[in-house]
Structure formats: C-alpha cells, structure tokens
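This report goes through selected strands, loops and helices of the structure shown below. Terms are given with their cut-offs where they come up.

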Amino acid sequence: MFLKFSLRSVFYGAGGGNDIQWCFSQVKGAVDDDVAEADIISTVEFNHSGELLATGDKGGRVVIFQQEQENKIQSHSRGEYNVYSTFQSHEPEFDYLKSLEIEEKINKIRWLPQKNAAQFLLSTNDKTIKLWKISERDKRPEGYNLKEEDGRYRDPTTVTTLRVPVFRPMDLMVEASPRRIFANAHTYHINSISINSDYETYLSADDLRINLWHLEITDRSFNIVDIKPANMEELTEVITAAEFHPNSCNTFVYSSSKGTIRLCDMRASALCDRHSKLFEEPEDPSNRSFFSEIISSISDVKFSHSGRYMMTRDYLSVKIWDLNMENRPVETYQVHEYLRSKLCSLYENDCIFDKFECCWNGSDSVVMTGSYNNFFRMFDRNTKRDITLEASRENNKPRTVLKPRKVCASGKRKKDEISVDSLDFNKKILHTAWHPKENIIAVATTNNLYIFQDKVN
Amino acid sequence: MECALDAQSLISISLRKIHSSRTQRGGIKLHKNLLVSYVLRNARQLYLSERYAELYRRQQQQQQQQQQPPHHQHQHLAYAAPGMTASAADFGPLQLGGGGDAEAREPAARHQLHQLHQLHQLHLQQQLHQHQHPAPRGCAAAAAGAPAGGAGALSELPGCAALQPPHGAPHRGQPLEPLQPGPAPLPPPAPAALCPRDPRASAACSAPSAPPGAAPQAAAAASPPASPAPASSSGFYRGAYPAPSDFGVHCSSQTTVLDLDTHVVTTVENGYLHQDCCASAHCPCCGHGAPGPGLASAAGCKRKYYPGQEEEEDDDDDAGDLGAEPPGGATFAPCKRARFEDFCPDSSPDASNISNLISIFGSGFSGLVSRQPDSSEQPPPLNGQLCAKQALASLGAWTRAIVAF
C-alpha cells in the first residue's frame, strides 16, 4: 500500500544564486519501521520524458508513478507523482536442474522511448528479462447484441433488433501485459540491461557474459562479450555493469570488479572480447589494504547524456571519465572517505559489498549518488561544490529547504554534525534517479521512495 | 566500529561468508565470493609473512641460545617470550614442543625454517611451471629434506604431508606428546588434511592425529586451551587419511571443477601442499572450543561429485573410522583440498587461481553443500575447526577456502 504525502514545499524570499535548493516533495511507501523484505526497493528509473517514474522491488513488483500534468503557469511547483500502475513482473522460480532458487527481485528497469500511445519497459531479475507494455484503456465497447452488459450471453431467441456497439468512456484503467520474455540466456546473475540508441536491440550483462538481443526476438541472442576463462580457477574479475552509448549504436562499455572499464565497438568483431579502450586508474599504493580489491570494484557505470563522458561508482568515490582519455578519470569525487578507516567493520557486516548507483542530471552538470544513514550526495562539476542531503520523514517539514548534512570524521564534533560512529549503516541509499529534463530527483531508501525538487519561485 | 584487523580473524570471517553464501537465496553470488576470496588471499599473505618473519626471528634467537651455556637457555626463552607477539607465543608450544628442552626445540625450529624456505621455493617453482608440471614436485622435494623426528615441529607448519615421518616412525616424542590429548603415542601431529584420489598419493598422506589437540595447546598463550573433540578428531583423521607407509612419495592432488555451462565435471591434477589440519595455534575455533558457524570446508578432503547426485564420500576415506558419521555425510563435510596457488606475495594477482568452487558459485548448485541447507546452521564442530584451522595453518597456495573436490 502506498501512502501519499502531498507536502509541497514552496519557498519564497531569499535564496538565489545558481545553487539549487532542494525541497521535499513527496514520499511513497510504508511508514512503519518494520520493513517487509519484499518491499525493499531495488531499482528506480525515470522514463525518457520524465513523466513516468518506475520502481522495482525485491518482491518482483513494478510500481509506476505518473506526474500530474499541471498548469505550469499557475502552479508553484511541478506536478506530483501518483501511482499509475502496479504489476507483478517476476515471480520466484526454481531451477530444478541446478537446485537453484531464482530470486524475483527486480535488478533493473529500463524504459523504451515512446513510439505510440503505449509505454514499454524492460525489467529483469537474475535470469529473465521481460518486455512490458503499459497501456491505458479509457473506453470500452457497449451495446453488444449477443451479450449483456455484464458479459452474460443472451438467449438468441430474445434478440429482436440489431445494433452496432459503440465505445463509451470508462474509468481509466492501466494495464500491464508482458509482450516478450527473454529467458534462458544467462548462466550467471544478470546485473545490467541497456537499450541501444537504435531502439531495436538491447544488451543484458551477467557476471561473465554480455548478450545482445533484438526486442522482437526472444528465442535467440548473440553473445558479444565472454570473459569466462577456460579454466574457472583462473577467474580474477567479473562484469559488474554495462551500458550502451547514448548516441553511437555500435559502442558500449562494461565495468569490472577490478575497477576497469572497457569500451567496445561492435563493428570491430562479432565477439567483443577485445576492448577498443581500457579505462583504468592505477591504484594508489599508500591506500593498499586487505579490502583494496573490494572497494575498487565498480558498482555502476553511466554515460553522460552528451555521450562524451561516463561516470563510475566504486565503494568510496565517483569518477568521471572522458572517453578520450583512458589512463585516468578527469574528475574524482569522494563520497564518504571517512569510511576508509572503517572498512574492516563494513566487511564484517557486509556493507562493503553494497552496490551504489549514480546518475547524471539532464545537463550533465551535476552527478548524484547515495550513501549511508539515508544520506545522498550531489557533486556540481562546474562549481566543484558538493552537498550532502538526507532522505528522512522526520527532518522534512513542508515548506523547508533540505538542510545540508555533514559527517564529522574525527575529532571534535560540531553542532549538527554527525559522527561516523553514529551513522546507521542499515539505512542506505543505493538507487537514485534524476528527471531527464527538470530538477526533480527520486531517491530510494530501503522501502520508501522520496521525491525532491528544486524550489520554484 | 572497531574490529580486529588481524589476518586470522579476517580469514575466519571470510570463510564464514563463503560458507553462508551457499545457503543464501538466489544462489551463490559469484561477484561477492570473488571479492571475499581476494580478502582471504590478502589476509593469508599477511599471515604467511608474519609467520615467516617470526620463524626467522625465532631461529636467530635460538642460534644465539646455542652459544649460551645450557642453563641459560630457559632464561633466554623466558626472555624471548615477553617480547614475542601473541602469534609468536602461540608458536611456542607447538613448534618447540611445549616445555621440551631447547635441544629439541632448536633443530625443530631450524627444520621448520628450512622447510619454509623449501616451500617458498616450491611455490615459486610451481607458479612458474604450473601448467606444465601438474605433478607436485614440492612434496617430494620437501620430503627429501625432512628428517625424521623433526617432523614433530611440523605440526605448526603447513608442510606437505609427505614431510611427515611415516606412521610409527620413532621420533623424539617430546614435541608431540604434550600436544596429544591422550597419553598414547600418536603419529606425527601434522595431518594431511587432504586425501588425494591417487592411491599413490594417499600412501603419502600422513596420519593427522594431533591437530585438534595440538591447536588448543598452541593457543594456550592466546586463550585457555580447549579440547574440541580431540580424541574423536584424532580418530577421524587417522581414519580419513591413511598413514603414510612411505616417506617421500610425492602427493598429488586432484581438484574437480564443474563447469556450470556445460555441466562437465573435469578433474584437474595439480601440485599442492598439504596443510596442517588444525595445527595452527591461531585458529579461533580451536582456541575457543567452538566452531565458527558455517565455516566453509576449507581445502582438505576430496569428494567425489557427479552432477545430479548427492555427494558421497570418496573411496579413500576410511569411512569406518569416521564412526558417527552417517552415510551421505549429513553431519560432516570433509574438508576440501587446498588448492595450489602462487605463493609469492608480489606475484600478480592475475596468476592466482580461483577455487574450483567458484565455477560452482555461479550455478549455486546446492549439491556442493554436503548437507541440507537447514542443517547447515549447526555444522559439526569438527568441520568448523577443521576448515578454519586448515585455512590458518595453510602455507599452501590457495586463496579460496572452498575447493570443490
């Protein structure tokens, strides 16, 4: 059940400059602290226009929110997001051959660009990708000759006249139907899907392989990357994320657990095991620790909208790479460097394996990623300023701008600062999304979805 | 937020994670287990280098002692003890035969050092020739160098089993007896935790008899010694690992890989070094008398596997001596064999091997779990100790705690 909090925050008066001031807008999800495992949000994605916002959860459900179309001249803020459609995308399965239970958790959702009245999205769990059609129905035919309005068949002998059924308006109904099911192509766990700019093909990546699909063809896919060694004992790295270039339909990248990103050109050969470019930053030897391999593993890779840059997220930092420079990133932002001394504890409680995602804003000037204690961070690439905000019900009152947070790494804690040791590592923000055109962000805590927008004068 | 950043605890934590990942929903996650194995490797490298350094330092001290008059030896020892790190102190009883005289200690320590050198060389060799010479050269070479009697000190070292003197060979009992839970003279404490499929090799396996008893003794410096199932463990080990009738026969190891794409089971011959089962002084399990829950079966016994079938004990395992073990191994998962891997800490990580179980991780094949998932919550103490101790005692080249078969 979703509780809708309609808290519009309108801020008049001072404020200004070029800095965005973020205001609480809405929060979706259960209020109580007892989090049902099935409600844990596992992916968040805006569609290409930003009108629709999809979330997937551990229970295999997809919930789509739609932004209200408001009269922009009149309103003081942008439209709210309300539930548009909810459906069960994936069910738990059992692979009897391997005695393997397949989780129904939705790993990724990717929207297709809209071509007609219906919306299409791809959703995937560990093994199966599904293409869903979400369509509206607001009319229905009435006036059948052989059927009553409730569907019962009439006795034909009672039919004395004929009429032509006509469409009459009805309450809007949003239907989701699976149009394609792409199954049995992945031996390992799928971590990424990405739709090609040709809008006909897409890729799906698991730990060791990447497959190329055609959206219309479900019984076949092409394997384009295979890093499985002949002898599994020699395995040293796995694929962690993959994405198509936003403009070049022949180009895609994939990141590895070793902190490298490979850019591949599908024109070069059918099997893209040999990369065209290899992006890797040499490790700083002074930072070497037991956990160096873990924290260098890339958890997410995202192209900028322009296609010139790509962003990677590892455990402690966000890096921006220029596609023309392979030997080091052009920008590096520390997300929560204060955790570096806590890696051992984070290893013990498994937090070090958390896979944070990252996202660009529409103009590629700001990047955002999540952290612990329900904090999320934004880095402005132009001003080089960063901000830490918190997604929390308690701290958000209507009509207030989100207050920046600060974590005190060590030493004397100032007022309003939070010490590292009092961070709640169970409250993590792994998934965030930025509206493609406007300053509206969706931030997923464990089981709640927060929507923030910049203040509108 | 503080946690013990020492190699031993990291190793045991990592083993626990790998083991519990078997029963997690959704199957074994290849990525996470790969990362955990890197931590294991790093911790092991540190542990190795620490031990090596300590051993060398001990060696130096003993050389100094040798030049002292005998009645000063105890003083020296006493002098040395406070200066030792905890790990070094743990070395003491095992290596030197807790309380034995210096005469026994000194050659033992020297012998250990010598074997460490050899092992190091062997590792490097094997790393170079890994693919060309699957047969284990190391054990044979090491065996050649191992004098009888000094093997008592090997309980501390993950020496090749072939290094151990044969069953019943006369040895200076004093290093061993304090380690035994009972008064009976038992075979050398260094067990081959591994039962090669090769009958030739099985002959070379020493009888690991003392480790559970040894470890608590060794851990005395760290914590009150516990005796986790000493007698039965000894019995088990003896049964599971036939005593070496021959000394110097090199051991071979086989590891079995399940390719989860093709579902082909292949057996890979590999050189490897036997590990000391439960000989480590540092095993937290032994020290605390409680097994780590869900500690993975570390390198150790081999296990036959056929796709689609329940795992069964290997023929070489002497099931008779296993006593209480029910058929099908429901309560005990024999430890897996150590995998050979490059030893040199400076070597490129790319050269390191991944346990064959990694290939199974992706499939999440629960057949590799020797017992039902619901009973995995109470692993037999034996298993937990075995695995953790093996891991800690291992100088063998392995990064992953779980080796398939």
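## A strand pair in chain A

Arg110(A) stands opposite Leu122(A), a residue of S9(A). Arg110(A) belongs to strand S8 (residues 108-111) of chain A, where Lys108(A) and Arg110(A) point one way and Ile109(A) and Trp111(A) the other way. All four are buried, buried being under 20% relative accessible area, exposed over 50% and partly exposed in between, with a 1.4 Å probe and protein chains only. In a regular strand the side chains alternate between the two faces of the sheet.

S8(A) runs antiparallel to strand S9 (residues 119-124) of chain A, and four bridges join them. Strands, like helices, are DSSP runs numbered from the N terminus (strands: E, at least two residues; helices: H or I, at least four). Two strands count as paired if DSSP finds at least two bridges between them.

## Basis of the model

This is a predicted model, in which local features need pLDDT of at least 70 and side-chain atom pairs count only at pLDDT 80 or more, while totals for chains, interfaces and linings use all residues. Residues are numbered from 1 along each chain as its sequence is written, chains are lettered from A and ligands numbered from 1 in the order in which they are written, and side-chain values use heavy atoms, with hydrogens and water left out.

## A hairpin in chain A

Strand S16 (residues 239-244) of chain A is mostly covered, with six of its six residues buried. S16(A) forms a hairpin with S17(A), and six residues lie between them. The pairing of S16(A) with strand S17 (residues 251-256) of chain A is antiparallel and has five bridges. Within this pairing, Ala241(A) has Ser255(A) of S17(A) as its bridge partner.

## A four-stranded sheet

Chain A also has an open sheet of four strands, in the order S24-S25-S26-S27, with antiparallel pairing. Strand S24 (358-360) and strand S27 (386-390) of chain A are at the edges; each has a single partner strand, so one side of each has no neighbour in the sheet. On average, neighbouring strands of this sheet are turned by 20° against each other, direction ignored.

Within the sheet, strand S25 (residues 366-370) and strand S26 (residues 375-380) of chain A pair in the antiparallel sense over five bridges. Phe376(A) in S26(A) is the bridge partner of Gly370(A).

## Loops with positive phi

Which residue lies in the loop between S25 and S26 of chain A? Asn373(A) is found there, and its phi is near 60°, a positive value in a residue other than glycine. At 11% relative accessibility, Asn373(A) counts as buried. Most residues other than glycine have a negative phi.

Asp416(A) is not a glycine either, but has a positive phi of about 75°. The place of Asp416(A) is the loop between strand S28 (406-408) and S29 of chain A. Asp416(A) is partly exposed, with a relative accessible area of 45%.

Ile418(A) lies in strand S29 (residues 417-419) of chain A and counts as buried at 15% relative accessibility. Leaving aside residues up to four places away in sequence, Ile418(A) touches Asn373(A), Phe375(A), Arg405(A), Lys406(A), Val407(A), Cys408(A), Arg413(A) and Leu423(A), contact meaning heavy atoms within 4.5 Å. Ile418(A) and Arg405(A) are 13 residues apart in sequence, and their C-alpha atoms are 8.0 Å apart.

Ala30(A) sits in the loop between strand S1 (22-28) and strand S2 (41-46) of chain A. With a relative accessible area of 22%, Ala30(A) is partly exposed. The C-alpha atoms of Ala30(A) and Leu449(A) are separated by 9.7 Å, while the two residues are 419 residues apart along the chain.

## Chain B

Chain B contains 13 helices and two strands. Of its 405 residues, 63% count as buried. Among contacts in chain B with a separation of 6 or more, 80% come from residues 24 or more positions apart. Chain B exposes about 13200 Å², of which carbon and sulfur atoms supply 57%; the areas come from the Shrake-Rupley method with a 1.4 Å probe, and for residues only the protein chains shown count as cover.

Helix H1 (residues 7-22) and helix H2 (residues 30-67) of chain B pack at an angle of about 155°, with their axes 9 Å apart. Axes are lines fitted to C-alpha atoms, for helices over the stretch in contact, and angles run from 0 to 180 degrees between N-to-C directions. H1(B) and H2(B) are therefore roughly antiparallel to each other (over 145 degrees; under 35 is roughly parallel, 65 to 115 roughly perpendicular and the rest oblique). Residues in this contact include Leu10(B) and Ile11(B) of H1(B) and Val36(B) and Leu40(B) of H2(B).
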